[in-house]
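Colleague: Hi! Could you walk me through this one while I have it open on my screen?
Modeller: Happy to, ask away.

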Amino acid sequence: MKTKDIIRNGLWDQNVVLAQILGMCPTMALTSTATNGLGMGLATTAVLVVSNMAVSSVRGVVTEQVRIPVFIAIIATIVTLVDLGLNAWMHDLYKVLGLYIALIVANCAILGRAEAFACKNGVLASGADGLFMGLGFTAALTSIGVVREIIGSGTLFSQASLLLGPHFAFLETRVLPGYGGTLMMILPPGGFLTLGLLLAVRKRIEMRRDASKACGVTTQPSHCAA
């Protein structure tokens, strides 16, 4: 697979959240702020990259009958290392993400990429697939968090310096000064509403792209104008 196809699939065509509708547990639970979404997305990206490369490197010696247990064992090991690393070096973020870090093991996207891509392709290609799938997942979670946080509390990337480190302090913004907030948006219903909105936007973009392609090959100019 060409690099541009891997990039497009990860960021758009096969986006974990917006196209495959996977990883809904962290998507709904941890996107009340953009900071939480960014932190969870980056942790998942790290797991995706390393697990894809590890699975690809052992694909020649793992038999068909035991591949799933082996893949799960690899993913669980990597998640444990990420969990310990966050606890040691980013403890404030670790306290926020909590149980959901361990639940990355059960994220269908991780095992899905191992099964659909990593066990069939080389190490570098698998690493790239994990990277861009992870970045697509991160972008989706952060986008949902941005919408929910702005409407819910009028802020953007609140507590970024506390959760992600002092280098992220520049992200903290009060978007709507004096705004009282909308509680529903930082509760689970707000997550479903925001996800539905983003899915509708994505669908609209896809429809316009398909219509543009059709106009590019049509021989009837009046059809494109309509």
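Colleague: Which helix does L198 lie in?
Modeller: L198 is part of helix α11, which covers residues 188–217. Keep in mind as we go that this is a predicted model.

Colleague: Is L198 buried or exposed?
Modeller: L198 counts as buried, because its relative accessibility is 17% and the cut-off for buried is under 20%.

Colleague: What does L198 touch, leaving out residues up to four places away in sequence?
Modeller: L198 touches L18, S143 and I144.

Colleague: And how far is L198 from P177?
Modeller: Their C-alpha atoms are separated by 25 Å, with L198 and P177 sitting 21 residues apart along the chain.

Colleague: Okay, switching to charges. How many salt bridges does the structure hold?
Modeller: There are eight salt bridges. One of them pairs the side chains of E115 and R67, at 2.7 Å from N to O. E115 belongs to helix α7 (residues 108–116) and R67 to helix α4, so this pair ties together parts that are 48 residues apart in sequence. E115 is partly exposed, at 24% relative accessibility.

Colleague: What about D92, which residue does it form a salt bridge with?
Modeller: The partner of D92 is K95, and their closest N and O atoms are 3.8 Å apart. Both lie in helix α5 (residues 91–97), three residues apart, or about one turn of the helix. D92 is partly exposed at 29% relative accessibility, whereas K95 is exposed, at 54%.

Colleague: Which residues are linked in a network of salt bridges?
Modeller: That network links D5, R8, D13, E206 and R209. Within it, the side chains of R8 and D13 meet at 2.8 Å, N to O. R8 is partly exposed, with a relative accessible area of 39%, and D13 is partly exposed too, at 28%.

Colleague: Now helix packing. At what angle do α3 and α4 pack?
Modeller: Helix α3 (residues 34–58) and helix α4 (residues 67–89) pack at about 145°, and their axes are 9 Å apart. The crossing is right-handed. On the α3 side the contact includes A43, V47 and V50, and on the α4 side it includes F71, I74 and I75.

Colleague: Last one: which residues form a nonpolar patch on the surface?
Modeller: L11, L131 and L135 do, with about 220 Å² of accessible area together. Of these, L135 lies in helix α8 (residues 123–153) and is partly exposed, at 34% relative accessible area.

Definitions and conventions: Residues numbered from 1 in each chain as written. Predicted model: local features only at pLDDT ≥ 70, side-chain atom pairs only at ≥ 80, totals over all residues. Heavy atoms only, no water. Patch = residues over 30% accessible without salt bridge, like charges linked within 9 Å, V, L, I, M, F, W, Y side chains within 5 Å. Areas by Shrake-Rupley, 256 points an atom, 1.4 Å probe, with all protein chains shown as cover. Salt bridge = Lys/Arg side-chain N within 4 Å of Asp/Glu carboxyl O. Helix = DSSP H or I, 4+ residues; strand = E, 2+ residues; numbered from the N terminus. Buried < 20%, exposed > 50% of the residue type's maximum accessible area, 1.4 Å probe, protein only. Axes fitted to C-alpha atoms, helices over the stretch in contact; angles between N-to-C directions. Left-handed = near helix turned anticlockwise from the far one by under 90°. Contact = heavy atoms within 4.5 Å.
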